[in-house]
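Here are my notes for you on this one. Have a look at the sequence and the model, then read the points in order.

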Amino acid sequence: MNSRLDSTVTAPSSPTRYPTHPNHNPDVLDLAIIKASCLGYHLINLPSELSSDHSPVLIDIHHRSAHVSPPKPLYFTNWQKYETDRKSDLQPVIRSQIIKKRKLRSIWQRTRNPAIKTLLNHQTRLVSDLLHSNHEEQWSNFLCSIEPSAQGWSKIYKLNRQLLRKSLPTNPLKDELGNLLYDSEAKANIFATCMENQFSEKYGTLFASFPTKAHQDRT
């Protein structure tokens with residue numbers, strides 16, 4: 001392939017996916033095909049960047065890889081603003097604990113050490129508790145910041161609009177009157193009623209007569 005198409009196939013030297021199943025082996029799922037073999041490139045695996053079983057791969061091409069400009073996207077993502085907002089929402093202590101959890105997960109994916117798994121579980125619970133406490137603290141600070149003024153009423157109005165515009169859950173069920181039900185308890189009641197009707201009306205007589213017939217066969 002390299003000689004016929006003047007291309008180069010490259011992949012990281014270390015696995016890019018560490019499966020959670022103990023009987024599955026780590027493997028390389030990411031590769032790159034470079035058309036011009038004369039291009040210089042640098043490919044690196046980043047196993048500790050994300051908390052996932054599939055680690056990201058970064059490839060840096062030293063020269064222009066194409067002469068045709070790609071189409072302009074319809075939406076632009078300001079990654080610098082996203083990074084700034086993400087860091088501003090979390091306290092430094094929480095960010096450091098998240099980094100620690102990612103490192104422990106990366107070590108456990110490579111070693112499958114039970115002791116590391118115990119530390120990872122403890123760190124995961126700690127991060128979850130910290131995020132939950134941080135969310136409650138932000139919500140409490142927001143409510144305390146609302147004052148009985150025009151600006152305070154504006155915050156309440158915006159919050160109310162956000163809550164009203166939340167999309168409804170998908171896959172509703174219809175009751176006997178044809179009304180759409182989204183509540184989980186209402187859905188459970190529909191299933192319960194349906195099962196009760198099926199097994200009481202159609203099969204009730206059959207099930208009730210079965211023990212009598214079996215007794216007659218034995219006698």
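1. A term to start with: a residue is buried if it has under 20% relative accessible area, exposed if over 50%, and partly exposed in between (1.4 Å probe, protein chains only). In α3, that makes I94, Q97, I98, K101, L104, S106, W108 and Q109 buried. Helices (H or I, at least four residues) and strands (E, at least two) are DSSP runs, numbered from the N terminus.

2. A word on where this comes from. This is a predicted model, where local features need pLDDT of at least 70 and side-chain atom pairs count only at pLDDT 80 or more, while totals for chains, interfaces and linings use all residues. Residues are numbered from 1 along each chain as its sequence is written, and side-chain values use heavy atoms, with hydrogens and water left out.

3. Now the overall picture. The protein has 7 helices and 6 strands, and from the N terminus on they run α-β-β-β-β-α-α-α-α-β-β-α-α. Of its 219 residues, 14% count as buried.

4. Back to α3. This helix has 20 residues and reaches 29 Å from its first C-alpha to its last, close to the 28 Å expected at 1.5 Å a residue (that is, 1.5 Å times one less than the number of residues). What covers its buried residues includes α4.

5. How do α3 and α4 cross, and at roughly what angle? The axes of α3 (residues 92–111) and α4 (residues 114–145) come within 9 Å and cross at roughly 155°. Angles over 145 degrees count as roughly antiparallel, under 35 as roughly parallel, 65 to 115 as roughly perpendicular and the rest as oblique, so α3 and α4 are roughly antiparallel to each other. Their crossing is left-handed, meaning that the near helix is turned anticlockwise from the far one by less than a right angle.

6. Who does the touching? Contact means heavy atoms within 4.5 Å. Among the residues making it are I94, L104 and W108 of α3, and L119, L126 and L130 of α4. By class, the contact has 12 nonpolar, 5 polar and 4 charged residues.

7. Finally, check the loop between α3 and α4, where R112 lies. Most residues other than glycine have a negative phi. Is R112 buried or partly exposed? At 29% relative accessibility, R112 counts as partly exposed.

Notes:
Axes fitted to C-alpha atoms, helices over the stretch in contact; angles between N-to-C directions. Nonpolar A, V, L, I, M, F, W, Y, C, P; charged D, E, K, R; others polar.
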